[in-house]
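Reader: I'd like to learn how to read the features of a model like this one. Could we go through it together, with the general idea and then the case at hand?

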Amino acid sequence: MLGYVAAALSLTAVLVLRTDLWSFLAEVPGLGAVLPETCGVQAGRLLTRDELSAYHGGPGSPGLYLAVLGQVFDVHEGSKHYGPGGSYSFFTARDASRAYVTGDFTDGGLVDDVSELSPSQMLHLNNWLSFYQKTYAAVGKLVGHFYDEDGNPTKALEDALAVIAVGLKLKEERHEENKQFPPCNSEFNSGVSRVWCSKNSGGIQRNWVGVPRKLHIVGYDGYRCVCVRTTGPPSENPDSEEHNDRGDLDNPSLKEYKDCNPLFDWCLLKE
Ligand code: HEM
């Protein structure tokens, strides 16, 4: 928890020091959905909260709109979901960005304050935004929380972008980490958990199987099961000729599972 907050804060610090914040963000792969310059929301209408609140699709309503991270979409083509009586009608006529991630569909949860969301939750929200951009017509921007009355991004949007950028960075790091330490297979049967390694566990194709170990998750007080190479040089020093031929077994971030043979490629979990 503290880890990602610290990461977001340090990235935000870097961002606010940049004189050209938006061009810096434009270089971050995966942020295209949110950037006003690249997603086309610079065109279109500016709506106030009051104006948007009329677009609920009911009698006398001018249409069916909703907003995500301040971007307004015309969702009339999805009226079976969003129209009156639809399962997701609570999303319409407002910006309920936070609820897309929390699943809190009460009035208190259907809000645009995303300041407490983690980087991975913000990535999830970013995916919803991309979905709306691909599926529905963009209308413009909602004035208030994420855009000011001139349609310029607010500090709240910059902060949201910074957390999404941290999420993308963590995702990339996790991808790299998965290549070195692919996730284990796991199953839970009749009260017993089993983890094991195979040449494609975690969806990472490789020519080695490895043995299960606990890898500390950065920023969290927990572990995940990973498969660890048992022969060859350590990943940190792949070209080394002087090594113990133990692969990554001696990596200090790893812990053995209790009561498991450390060289078996499987383990029954009793913890
Ligand atoms: C945080 C939780 C959830 C959110 C924010 C969410 C949001 C949405 C939204 C916005 C749509 C409409 C997408 C569109 O415009 O086409 C949708 C569709 C759908 N959702 Fe969810 N959903 C959630 C959880 C669930 C769960 C738990 C289920 C199933 C148990 C579910 C089943 C469906 C189905 C089946 C559709 C498509 C309905 C259709 O095409 O007729 N959703 N969801």
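Reader: In which sense do β3 and β4 pair, and over how many bridges?

Author: Happy to start there. Strands of a sheet pair through backbone hydrogen bonds, either parallel or antiparallel. Strands here are DSSP runs of E with at least two residues, helices are runs of H or I with at least four, and both are numbered from the N terminus. Two strands pair if DSSP finds at least two bridges between them. β3 and β4 pair in the antiparallel sense, over four bridges.

Reader: What should I keep in mind about the model and its numbering?

Author: Residues are numbered from 1 along each chain as its sequence is written. The model is predicted: local features need pLDDT of at least 70, side-chain atom pairs count only at pLDDT 80 or more, and totals for chains, interfaces and linings use all residues.

Reader: How does strand β1 run relative to β4, parallel or antiparallel?

Author: β1 (residues 45–47) runs parallel to β4, joined by three bridges. Arginine 45 has glycine 140 of β4 as its bridge partner.

Reader: What is the strand order in the open sheet of three strands?

Author: The order is β5-β6-β10, with antiparallel pairing. β5 (185–189) and β10 (266–269) are at the edges with a single partner strand each, so one side of each has no neighbour in the sheet. Between β5 and strand β6 (residues 192–196) there are five bridges, and phenylalanine 188 stands opposite serine 193 in β6.

Reader: Which residues touch the most other members of the largest nonpolar core?

Author: A nonpolar core is a set of buried Ala, Val, Leu, Ile, Met, Phe, Trp, Tyr and Cys residues joined through C-beta atoms within 7 Å. Buried means that 20 or more other C-beta atoms lie within 10 Å of the residue's own, with C-beta atoms placed from the backbone. In this core of 39 residues, they are Leu52, Tyr65, Leu66, Val72, Met122, Leu142 and Ala160. Elements giving two or more residues to this core include β2 (65–68), α7 (119–135) and α8 (155–180). Its largest share, nine residues, comes from α8. A second, separate core has 13 residues, among them Cys184, Trp196, Cys197 and Cys267.

Reader: And which residues are around the ligand?

Author: Near means a C-beta atom, placed from the backbone, within 6 Å of the molecule. The residues around the ligand are Gly78, His81, Tyr88, Phe91, Tyr100, Gly103 and Thr135.

Notes
Buried ≥ 20, exposed ≤ 12 C-beta atoms within 10 Å, placed from the backbone.
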